Amino acid sequence: MFDPNQLPGPHALAYLRALLRDVPDFPKPGILFKDITPLLADPRGLHITLDLLAQRFIGEHVDVVVGIESRGFIFGGALSARLNASFVPVRKPGKLPWKTDRVAYALEYGEAELEMHVDSIKPGARVVVVDDLLATGGTAHAAAELTRRQGGVIAGFAFVVELDFLKGRERLGVGREAGPIVYSIVHVD
Ligand code: AMP
């Protein structure tokens, strides 16, 4: 039987880990920034990443992929095409041209707001929220809040990297009965 916990194999995981660059003290002192641009620059690494994200959600009846500006657009857009789902952008304030709903939230390094077009999600649509990295979970939680306000159902969250020590997945409702899937490829202790 397909076991999503067995994804990816050790070789693929080591390959992807080697494509993440640690940048100390960016964008603020004390933050160890996980730079995904070496991964984006490596066609094999990018392909493996997108295959893994897609494999985890095939069969989960995903209608919409919500991508979070800006690195969530890269993975979310490609994932939506692979899942035959639509893509909805969640953006920083003032970027979306149409009528928007807005939510404010706390970040690992500061505060922020996100917006979504008001007519993005059909009630009952099954949604996966995508970003490059899960830290405290505030950003992904905010995108899920915007989705739920329009009647969307959060099927899951997908990340390339998860900073386990910040326990972001607890904030996303994992452990709750019938809670959403939270899938991250690379885990950082
Ligand atoms: P959070 O809301 O705390 O889960 O933060 C997640 C968002 O901030 C994502 O959009 C990430 O791209 C970004 N982020 C937070 N911490 C880091 C980090 N250490 N390295 C790279 N990106 C980060």
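Close-up 1. F73 is partly exposed, its relative accessible area being 24%; under 20% is termed buried, over 50% exposed and anything in between partly exposed, with a 1.4 Å probe and protein chains only. F87 is likewise partly exposed, at 30%. The model is a predicted one, in which local features need pLDDT of at least 70 and side-chain atom pairs count only at pLDDT 80 or more, while totals for chains, interfaces and linings use all residues. Residues are numbered from 1 along each chain as its sequence is written, and side-chain values use heavy atoms, without hydrogens and water. The ring centres of F73 and F87 lie 6.0 Å apart and the planes stand at 85°, so the pair is edge-to-face. Rings of Phe, Tyr and Trp (its six-membered ring) pair if their centres lie within 6.5 Å; planes under 30 degrees apart are stacked, over 60 edge-to-face and the rest tilted. Because F73 belongs to helix α4 and F87 to strand β4 (residues 86-90), the pair ties together parts 14 residues apart in sequence. Helices (H or I, at least four residues) and strands (E, at least two) are DSSP runs, numbered from the N terminus.

**Close-up 2. Aromatic pair of F26 and F33.** The structure holds two aromatic pairs. In the pair of F26 and F33, the ring centres are 5.1 Å apart and the planes lie at 85°, so this pair is edge-to-face. F26 is partly exposed at 44% relative accessibility, whereas F33 is buried at 13%.

**Close-up 3. Surroundings of S80.** S80 is part of helix α4 (residues 71-83) and is buried, with 5% relative accessible area. Its side chain reaches the backbone oxygen of G77 at 2.8 Å. Leaving aside residues up to four places away in sequence, S80 touches V65, A85, S86 and F87, where contact means heavy atoms within 4.5 Å.

**Close-up 4. Packing of helices α3 and α4.** The axes of α3 (residues 43-57) and α4 come within 10 Å and cross at roughly 55°. This makes α3 oblique to α4; angles under 35 degrees count as roughly parallel, over 145 as roughly antiparallel, 65 to 115 as roughly perpendicular and the rest as oblique. Axes are lines fitted to C-alpha atoms, for helices over the stretch in contact, and angles run from 0 to 180 degrees between N-to-C directions. On the α3 side, L46, H47, T49, L50, D51, L53, A54 and F57 meet F75, A78, L79, R82 and L83 of α4.

How values were computed:
A polar contact is a pair of N or O atoms within 3.5 Å; within protein, one must be able to donate a hydrogen and the other to accept it, and residues adjacent in sequence count only if both atoms are side-chain atoms.
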